[in-house]
Amino acid sequence: MEKLGFHRVSNSPNMPGQPTISHSRPNQPDAPLAPQLPPSPAFKRQFEVANGPNNRVALSNCIGVNPRDFADFPNRAPLLLDGNYVCTLEKEETVAPGTIGLAANVRLWGKWSLTQTILVESYNIFLGKQQQQQQYLGGLEILIDFHVKSKANSNPVKHEELVDIFINNYQNQILQPTQKIVMEFKGIIYGLLIHSVQVIDLNSKEKLPSIKESSDLSVKGILIKQTEVIFYPNENSIINLAKPSSLKGKRIGGGGAGRPRARKQIINPDFKLEDLGIGGLDAEFQDIFRRAFNSRILPPEIAERLDYKHCKGLLLFGPPGTGKTLIARKLSKMLNGKEPKIVNGPEMLSKYVGASEENIRNLFKEAEAEYKQKGDDSDLHVIIFDELDSVFKQRGSAKSDGTGVGDNVVNQLLSKMDGVDQLNNILIIGMTNRLDLIDSALLRPGRFEIQIEIALPDEKGRKDILLIHTAKLKENNLLTKDVDFDELAGLTKNFTGAELEGLCNSAKSFAISRHTKSGSVAQIDAATIDKMQITRNDFLLAFSEVKPAFGTDEEDLTLAAPHGIIPFNSSIKNIFDRGQSFIDEVKSSETETLISVLVHGPSGVGKTAIAATLALNSDFPFIKMLSAESMVGMSEPAKIQYIDNVFRDVYKSPLNILVIDKIETLINYVPIGPRFSNEILQLLMVYLTKKPPKGRRLLIIGTTSQYSVLKHMNLIDCFTNTVAVPSIRSVEEIGRVLTKIGYMSQEAEKNDILSQLSSFEINIGIKRLLQVLMNSKYLKSDANGVVENIIDAHNV
């Protein structure tokens, strides 16, 4: 505006928020400050749309007309098309009478088709205004891009030269917002879109000139030599505008000093959290929004004052099936940025030298080009890496591939995320099941600085997930009233989101199977299928097919104590009292987040049964058993890897119990030699004393029949408590066992057994005793046979 003689003052004291304008007018009050448009006679007529006569007319932003149709009009007079669109006429003999030649850009602007009939009228921009009052363009904001995409390049285009050509070509024409123009500049055709105009009344003598800024089609003005024209790249354009320093701070929409410019919304305004279709992760989503997107929704000026750096990396880790990939996929849908690039880690690797690194660079090419062009106004580019640990392993370690390619790929990603040429328009979302395998340099601030664990859902989360997967069933009245989601949430302890989905699918399959034709498994009974409903029993049957991969395997633990716990003396009750105290301590102590207990005693005294029962009675959500049975046939390195994975798994829940059964067998102990695996022993010693991560608590219950051996190995010192389990040493204790299992219901026979045993020294484990009694029961042995079997077992 200063070019036109106007000076804007920040705010009016009488009308806060309203800008005032002062004007230094030239000392020529009677002379117009801008050229006048040629007058046009009153005119109104229907014409048929034809193609533009030639490129010259199209590039001059004119429409072709036949001279005889507009004989009374001067050349370059304005015309009004369909009551809204103002165009400049150019007389051309090649245009057929009764038609009007519109170039493709003009037809696109007015949404006209060839041969369509439109209304053409004469137009006077000053009509109805006070005498001498005129409207001219004080400013224009124009979006520019290459008209032909194949000609697009990133060579610098000088902004000042572009403005000079524009004003020279279209001076004195009436322009308005939404207008599309094609312009040639140095042999290349560009497409222009007028984004907004600033219209100024130049010749008002009674009051200060007025200013009107608008992006509305109805606002029009005359382009003059003094009009301030600013070009901006169109969205997704790679055009490289070389602007003077005075224009570099200007933004589309007029943002500048004193007025925070609006930042493009990166979150879809219609987005609702419940629309994601993800349950049980409310807290995790709050953390993601707070840490990853807060800085990006602030106006740039406020972010600059806060010195708030954008988050560039978000890492989701946790066990398989908990929804990491689903979260990333849903997050990408709610963002208004570019279409996310989703890549699986192994896809980045190539057998050709340097190709793997180039694949990484290609992911960032589009973001780099846009950032060079638009700076902080560029869109957010999201790159989603699945299975991150498969590519970006710790450099220089045995876990890398040994060829050096893996190290180079890590280095390439590091340089792109936080190197010398930093990008501010990227967000990389990584997902992994093995956080420990990823190079530590990627996990520091500036790279994947936000690391959020997606753990197993709690009971409320499991209910939310079940409700999501059965929403359509409920909506279509396909669920019976006996389906209780609170009950199902309680029964699905340690289920992941994927396993809960599998449970629902299994229940549906049971319901469908009830409506297959008799004698056929592949034909649906059309007469009854419409009445199909999924019942509570269908879900209960599904539990037999879908098992949780993590946590409690109640069948295995229950099998460890098939007869339950038999309190044959007071020491058994004391053991369970102590065990409950350890459970309570782990649950509630602020400092003791790791407690390890070694249950020891002779073979067959019920150590495993006690450990399993304590674990089941704890009501902890995550219970795991580690035993040599699950590692039969494995090599020593494979056993080490398996044990390592088990200890990593036991941190999946806030409360965890790990039962390590028969530790001496686990470390491959053999008394001949003696021999054992020192590597497995050292691994156990480390993990038995390693504190759980923040927010996690762990109770370890180990069992052994070789207490003295473990003591010599210094493994006993790694446990915080030891509990000795006694064997049966009296006839009275055997009597309690007989009574508990209901064997020898005749009191006389029971007394006969106990009387005969009283003459022997008793020292037998409860497990061995129960085996003898069960064997005697099926042999239908009499009292003498039972006594003989017990004595034989005692002497073994």
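Is Tyr-170 buried or exposed? In this predicted model, Tyr-170 is buried, because its relative accessible area is 0%.

The chain has 796 residues, of which 47% count as buried. Its secondary structure amounts to 25 helices and 27 strands. Among the contacts in the chain with a separation of 6 or more, 76% are between residues 24 or more positions apart. The chain exposes about 39,600 Å², and carbon and sulfur atoms supply 50% of that area.

To return to the aromatic residues, a search of the whole structure finds 14 aromatic pairs. One of them joins Phe-166 and Tyr-170, with ring centres 5.1 Å apart and planes at 65°, so the pair is edge-to-face; the angle is over the 60 degrees that this class requires. Both residues belong to helix α3 (residues 159-170), where they sit 4 residues apart, about one turn of the helix. Phe-495 is buried at a relative accessible area of 3%, and Phe-543 is buried at 15%. Elsewhere, Phe-43, Phe-47, Phe-70 and Phe-73 form one aromatic cluster.

A disulfide is a covalent bond between the sulfur atoms of two cysteines. The structure holds 0 disulfides. Cys-62 illustrates the point: the closest cysteine sulfur to its own, in Cys-87, is 9.0 Å away, so the two are too far apart for a bond. The cut-off for a disulfide is 2.5 Å between the sulfur atoms. Cys-62 counts as buried because its relative accessibility is 2%.

Cys-87 leads on to the strands, as it is found in β6, opposite Leu-79. Leu-79 is part of strand β5 (residues 78-81), from which Pro-78 and Leu-80 point one way and Leu-79 and Leu-81 the other way. All four of these residues are buried. In a regular strand the side chains alternate between the two faces of the sheet. β5 pairs in the antiparallel sense with strand β6 (residues 85-91), over 4 bridges. The hairpin of these two strands has 3 residues between them, and in it Asp-82 takes a positive phi near 50°. β5 also runs antiparallel to strand β8 (residues 117-122), to which 3 bridges join it. In that pairing, Leu-79 stands opposite Ser-122.

Two further positions complete the description. Lys-312 lies in the loop between α6 (300-306) and β18 (313-317). What surrounds this lysine? Once neighbours within four places in sequence are left aside, Lys-312 is in contact with Met-417, Asp-418, Gln-422, Leu-423, Asn-424, Ile-426, Leu-427, Ile-428, Gly-446, Arg-447 and Glu-449. The lysine counts as buried because its relative accessibility is 6%. Asn-775, in contrast, counts as partly exposed, with a relative accessibility of 44%. This asparagine lies in helix α24 (residues 766-779). Its C-alpha atom is separated by 9.0 Å from that of Asn-789, which is 14 residues away along the chain.

Note on methods
Residues are numbered from 1 along each chain as its sequence is written. This is a predicted model: local features need pLDDT of at least 70, side-chain atom pairs count only at pLDDT 80 or more; totals for chains, interfaces and linings use all residues. Side-chain values use heavy atoms; hydrogens and water are left out. Buried means under 20% relative accessible area, exposed over 50%, partly exposed in between (1.4 Å probe, protein chains only). Contact means heavy atoms within 4.5 Å. Accessible areas come from the Shrake-Rupley method with a 1.4 Å probe; for residues, only the protein chains shown count as cover. Two strands pair if DSSP finds at least two bridges between them. Rings of Phe, Tyr and Trp (its six-membered ring) pair if their centres lie within 6.5 Å; planes under 30 degrees apart count as stacked, over 60 as edge-to-face and the rest as tilted.
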